[in-house]
Amino acid sequence: MAAKTVDKEIQHYWPLLRQEEKVSILGVVKSFIQLHHENSERISVRQYNKELEEAMAEIERGEFYMHDEVVKMSKEWTKKNGR
């Protein structure tokens with residue numbers, strides 16, 4: 001559907017909505033805009049590569065957990081939280 005057609009439909013239906021419906025739709029629109037904004041804040045390739053290098057250095061120093069260790073840790077967390 002063409003953008004102009006969508007805009008015209010929105011303009012047609014908008015006055016038919018109750019105030020609380022308009023507020024609800026406005027919240028949805030704002031959440032879409034926020035998602036677009038968050039997704040546009042990407043890091044540079046240089047920053048990405050720097051973070052990868054730092055992570056690799058941590059691994060080389062032995063600063064990581066194996067899968068079975070993480071599973072064991074998560075079971076302990078759930079015990080502490082009564083789950």
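Biologist: Which residues gather in a patch of negative charge on the surface?

Modeller: This is a predicted model, so local features need pLDDT of at least 70 and side-chain atom pairs count only at pLDDT 80 or more, while totals for chains, interfaces and linings use all residues. Residues are numbered from 1 along each chain as its sequence is written, and side-chain values use heavy atoms, with hydrogens and water left out. Patch members have over 30% relative accessible area (Shrake-Rupley, 1.4 Å probe) and no salt bridge, with like charges joined within 9 Å and nonpolar side chains within 5 Å. On the surface, the patch of negative charge gathers Glu51, Glu53, Glu54 and Glu58.

Biologist: Why does Glu51 count as partly exposed?

Modeller: Glu51 has its place in helix α3, residues 45-60, where a helix is a DSSP run of at least four residues. Buried means under 20% relative accessible area, exposed means over 50%, and partly exposed lies in between. Glu51 is called partly exposed because its relative accessible area is 37%.

Biologist: Which side chain of opposite charge is nearest to the buried Lys22?

Modeller: Lys22 belongs to helix α2, which runs over residues 19-40. Although Lys22 is buried, it has no salt bridge, a term for a side-chain nitrogen of Lys or Arg within 4 Å of a carboxyl oxygen of Asp or Glu. At a distance of 8.4 Å, the nearest side chain of opposite charge is that of Glu21.

Biologist: Leaving aside neighbours within four places in sequence, which residues is Lys22 in contact with?

Modeller: Contact here means heavy atoms within 4.5 Å. Once its neighbours within four places in sequence are set aside, Lys22 is in contact with Trp14, Pro15 and Leu17.

Biologist: How many salt bridges does the structure hold, and which residues are linked in a network of them?

Modeller: Side chains of opposite charge can pair when their charged atoms come close. There are three salt bridges in the structure, and one of them joins Glu63 to Arg61, with the closest N and O atoms 2.9 Å apart. Arg18 meets Glu20 at 3.2 Å, N to O, and Arg18 also meets Glu21 at 3.1 Å.

Biologist: What relative accessibility makes Arg61 count as exposed?

Modeller: Its salt-bridge partner is Glu63, and Glu63 counts as partly exposed because its relative accessibility is 45%. Arg61, in turn, counts as exposed because its relative accessibility is 53%.

Biologist: Which helix supplies the largest share of the nonpolar patch?

Modeller: On the surface, Val6, Ile10, Trp14, Ile25, Leu26, Val29 and Ile33 form a nonpolar patch, and together they have about 570 Å² of accessible area. Helix α1, residues 3-13, and helix α2 each supply at least two residues of this patch. The largest share, four residues, comes from α2.

Biologist: How far apart in space are Ile10 and Glu63, C-alpha to C-alpha?

Modeller: Ile10 is a member of the nonpolar patch, while Glu63 forms a salt bridge with Arg61. Along the sequence, Ile10 and Glu63 are 53 residues apart, and in space their C-alpha atoms are separated by 54 Å.

Biologist: What separates the C-alpha atoms of Lys72 and Val23?

Modeller: Lys72 has its place in helix α4, residues 67-80, and counts as exposed because its relative accessibility is 54%. Lys72 and Val23 are 49 residues apart along the chain, and the separation of their C-alpha atoms is 46 Å.

Biologist: Where is Arg42 found, and how far in space is it from Lys4?

Modeller: Arg42 is found in the loop between α2 and α3, and it is exposed because its relative accessible area is 73%. Arg42 and Lys4 are 38 residues apart in sequence, whereas their C-alpha atoms are apart in space by 30 Å.

How values were computed:
Lys, Arg positive; Asp, Glu negative; His and termini not counted. Charge placed at Lys NZ, Arg CZ, Asp CG, Glu CD. Buried < 20%, exposed > 50% of the residue type's maximum accessible area, 1.4 Å probe, protein only.
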